[in-house]
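Please find below a colleague's note on the model under review.

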Amino acid sequence: MIDVILFTQETCGACATQREKNDGLEDEYPDVEFREVDIQTDLETAAEYGVRKTPTTLVDIVRE
């Protein structure tokens, strides 16, 4: 499984731009899970991946 995680903040203008660029990717890549994480409200996930700045996009490949 492949996860694409977009780390954002509510007040980040560049994050809004990145969201627009990502819009529709779910339809093009149905086997990929796309998630968005707000680093101000989900501190645990941001810390798990070591994310401090936004926007940050990570690709996480989960091998079963």
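1. Basis of the note. The model is predicted, so that local features need pLDDT of at least 70 and side-chain atom pairs count only at pLDDT 80 or more, while totals for chains, interfaces and linings use all residues. Residues are numbered from 1 along each chain as its sequence is written, and side-chain values use heavy atoms, with hydrogens and water left out.

2. Disulfide. The structure holds one disulfide (a pair of cysteine sulfur atoms within 2.5 Å). Cys-12 and Cys-15 are its partners, with an S to S distance of 2.5 Å. The torsion about their S-S bond is about 85°, so the disulfide is right-handed. Cys-12 and Cys-15 are both buried (under 20% relative accessible area, where exposed means over 50% and partly exposed lies in between, with a 1.4 Å probe and protein chains only).

3. Salt bridge. One salt bridge is present (a side-chain nitrogen of Lys or Arg within 4 Å of a carboxyl oxygen of Asp or Glu). Arg-19 pairs with Glu-36, and their closest N and O atoms are 2.7 Å apart. This pair links distant parts of the chain, 17 residues apart: Arg-19 belongs to helix α1 and Glu-36 to strand β2 (residues 32-38). Helices (H or I, at least four residues) and strands (E, at least two) are DSSP runs numbered from the N terminus. Arg-19 is partly exposed at a relative accessible area of 30%, and Glu-36 is partly exposed at 43%.

4. Asn-22. This residue also lies in helix α1. Asn-22 counts as buried because its relative accessibility is 18%. The C-alpha atoms of Asn-22 and Leu-6 are separated by 9.1 Å, the two residues being 16 apart along the chain.

5. Negative patch. Glu-20, Asp-23, Glu-26, Asp-27 and Glu-28 form a negative surface patch. Patches consist of residues with over 30% relative accessible area and no salt bridge, like charges being joined within 9 Å and nonpolar side chains (Val, Leu, Ile, Met, Phe, Trp, Tyr) within 5 Å. Asp and Glu count as negative, Lys and Arg as positive, and His and the chain ends are not counted. Each charge is placed at NZ of Lys, CZ of Arg, CG of Asp or CD of Glu. Helix α2 (residues 25-28) supplies the largest share, three residues. Glu-20 lies in helix α1 (residues 13-22) and is exposed at 63% relative accessible area.

6. Nonpolar patch. Ile-2, Val-59 and Ile-61 make a nonpolar surface patch of about 260 Å², with areas from the Shrake-Rupley method and a 1.4 Å probe, only the protein chains shown counting as cover for residues. Ile-61 is part of strand β3 (residues 56-61).
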